[in-house]
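Please open the structure in your viewer and keep the selection tool at hand. The stops below say what to select next.

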Amino acid sequence: MKIIPILVTFVFGLFLLPMESSAAERPHIVLLMADDLGWGDVGYNGSRIATPNIDKLAGRGVRLAQFYAQPICSPTRGALLTGRYPMRLGLQCGVVRPWARHGLPLGERTLPEALADAGYRTAIVGKWHLGHFKHDLLPMQRGFHQQYGHYNGALDYFTHIRDGGHDWHRDDKPNYDKGYSTDLIGEHAVRIIAKHDKGKPLFLYVPFNAPHTPLQVPKKYTERYAEIKNERRRTYAAMVTCMDAAVGRITAALEEHKYPADQTLIFFCSDNGGIPQLGSNGELRAGKGTLYEGGVRVPAVAVWQGKLKAGAVVDEALHVVDLCPTLLRLAGAKIQQAKPFDGKDAWPTIADGRPSPHEFILHNVSPFHGAIRMGDWKLIHNGHVGGNVTKASETEKWELFNILKDPSESVDVSRDHPEVLKRMKAKLRALATEAVKPNIPPNKPPADFKTPKIWGNLSPSKADKPNILLILVDDLKPALGCYGDANAKTPNIDALAARGMRFDLAYCNQAVCAPSRFTLMLGSHSTSTGLYGLGNNLRDLVPNAVTMPQHFEKHGYRTESLGKIFHIGHGNRGDPRSFSVPHFHDKVIEYLKPESTGGGKLTREEALFTNRKLGEIRSLSRGAAFESPVADDHEYADGRVALETIKRLRAGTERRKKDGTPFFIAAGFVRPHLPFSVPKKYWDLFEPAKLPMPKFEKLPHGAPAVAGKRGGEITAYMPVPVKGRMSDELKRKLIHGYYASTSFVDAQIGKVMAEFDRLGLADNTIVVLWGDHGFHLGDLGIWTKHTNYEQANRIPILICSPGVTKPNSSTRQLTESVDLFPTLAELAGLPAPNGPQPIDGVSLVPVLKNPNARVRDHAFHAYPKKKLGRAIRTERYRLVVWEGRGKSQAPAEYELYDYKNDPFETTNLAAKNPEIVAKLKKILATYRAPFVR
């Protein structure tokens, strides 16, 4: 790729703007997009069509000579607003038809959403074309504060009618302004510019519908093209000039209303190539709907006084997906997101003419066609297959071109360069494996489709949203039959696993109750929020956080919680703001036998979990570690929570029948948390002598002292000795109690799922089971949790999502608690969570669809002691780095364990394997610095 000599020759540093830029440093952004404007349809590229205002922009800024879009409308717009290729959006096979039941996926984070979070005022004026069949798909639900224009393409320019339905809206409500749509778009953009408070940065996105068909324009514009005899071409030329006039009015308004030119970035481009029979793509081959240069290379100009050299030309390959990350960087907005960008920060190329940041550019890949650009080479597969693809070409064709030497793609050189052909085919095919299933609506409306009087569903859509049943279990490690534990008796959880996907390498993010639940509900690591402790109250430390249930409530769900969801106790009050209705609270520490509490005395753990006498804990009695009375299930809290959950499921089902409201019900069970207080019948399921005893009871050889644990929570219970050795008999009793408690909670989950099935909820309800952390049962000589070791951090995660997960599936995808928030949001079709707390989780939806897919190659967790231990767990290794907290200068200490050769963590291998330590430390270094409190 080459740089034309007049390219800007000095370096600008705006692409290095810090994340927290001041308002003065952040530019106003005006993004203008033409519809179907060809490469050769602008004056600066030699067109006879008058485009003086676009040409003026080209003279004031940088012309991008190799700027690519998608070959048709909706895919380009999706790529622009997400920074991701259409094959990741299901938009790779065509536009969003008026009758389509899809749009820009709700799980995608959009450019306006990110800019709004960074303090921008965002507005769209013009054509949306990314879905309108339900409310959540409309522009103001996708990050825009203001909207004006139309949802479909190809509407009547004067009547604003598409297929008999009205399609003109303001702020996602019907609007009946009279006039030619291009003029209305320009006039409304000018109004926004005039009224906007310039003290706040503006993002104004103006996607014109011109010069897309139908060919309509006010007569005054056609009169100037009387010499063009072909009526269609004459009208097309007039439409381009009319649009250019609107561009002129918008740029003039910026000057009139004193938007500083050195603080305003203007970008202009087309959404795809032109239609050859109407306009011109110059020397480029073919046009709209094809993958040849005429279909995907478009005119593009960037203007920013003082930051971009006037009249410069950049001849480096860039793509519309680059605009999202580039603009976010310039705006000082959050770049990190759960779904990675395909686009690159292109500002160094635009501003300084540096080489393209792309190793390759994907023009498209679908089951029917594709094209990829790598360096000067371009490979095309069935390039002439049209834009709205419903079937493969009858004759498959592969073509290879050297774009540098042959920009018109006149000579196929595939036979002359077989190695290049082979390499590029392999790359295109590899990318095809990453594609989501394409949405392919019929080119004609279905027989039962009726055009609405007004396009766009103007009330929030509920019917298409799945219910959510989130089952939380305290202290549950994968000691379950479905995870291969032959000693466990968990038929109901095993049956739940058989409905969907089991995650075999799932980890909590901190092995203690309150922080682990915060990570689940916030999608944030404790190291990102500082919520490390049992007594940390969420709103004291992260007052504006948006929790998972709040996110769902915002999008039309009724959210309810029962049992142990947030941790309540140790001074922690939970988070009532997270749910639509008051929390159904019950006991965590509970006894039926008076002798378990020394005759009814308040015990230490009862006081802690009820926020009583918190300053006198050591003076209180210890309660029993276990009891096994003859009792009904509902005499213990988990039994009552199960019964109440059943009532909520019934009520939620009836409510949905009446008004369509989906439910989000979180049911939390406390066993097998200590004390192991469950009815005798669950103890009787086991022969104690057959239960497994710990195999290795020493701390790992060579492990730092800070990593180990002796005593702790287990010593709060009788008859556990506060100091000294525990008898084998007591160990066996505790292990027995853990398994009995797990069977007890399994039975309660079974009752809930039996009612779930009776109510017929399986087809429209996502079910998730999650353990908040693991539990040491004497391994390494440790009991309970509160470590960075495997038994404390590995957890069960089961997900059943109708239409997504396959029964009896499992995956070895390394998974974290923080991943469940973005995963459930995407499964429910909601926007991806974006804080304001940091979102550290990634969506597991690709894995749910394909167990072999991978969205991360490690899991992260942490535990705070005198030092903070942060861990990276890969499929084979775990590295733990213990570092001083706050101003501590204590040297770091390291642990490394090899689970292939040492599954019981008997030996710290850090000193013997410095290369592995170094490799995993590099991964750890990619995480933000831990929050220090």
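Is Ile275 buried, partly exposed or exposed? Ile275 is partly exposed, with a relative accessible area of 23%, where buried means under 20% relative accessible area, exposed over 50% and partly exposed in between, for a 1.4 Å probe and protein chains only. This is a predicted model, in which local features need pLDDT of at least 70 and side-chain atom pairs count only at pLDDT 80 or more, while totals for chains, interfaces and linings use all residues. Residues are numbered from 1 along each chain as its sequence is written, and side-chain values use heavy atoms, with hydrogens and water left out.

With Ile275 still selected, you are in the loop between strand E10 (264-270) and helix H7 (293-296); helices (H or I, at least four residues) and strands (E, at least two) are DSSP runs, numbered from the N terminus. Leaving aside neighbours within four places in sequence, Ile275 is in contact (heavy atoms within 4.5 Å) with Asp36 and Lys288.

Next, select Leu64, which is among the residues touching the most other members of the largest nonpolar core, a set of 81 residues. Such a core consists of buried Ala, Val, Leu, Ile, Met, Phe, Trp, Tyr and Cys residues joined through side-chain atoms within 4.5 Å. Beyond its neighbours within four places in sequence, Leu64 has contacts that include Trp39, Phe267 and Ile350. Apart from this core lies another, of 68 residues, with Ala747 and Cys800 among them.

Finally, select Cys508, which counts as buried at 0% relative accessibility. The closest cysteine sulfur, in Cys513, is 10 Å from that of Cys508, too far for a bond, as a disulfide is a pair of cysteine sulfur atoms within 2.5 Å.
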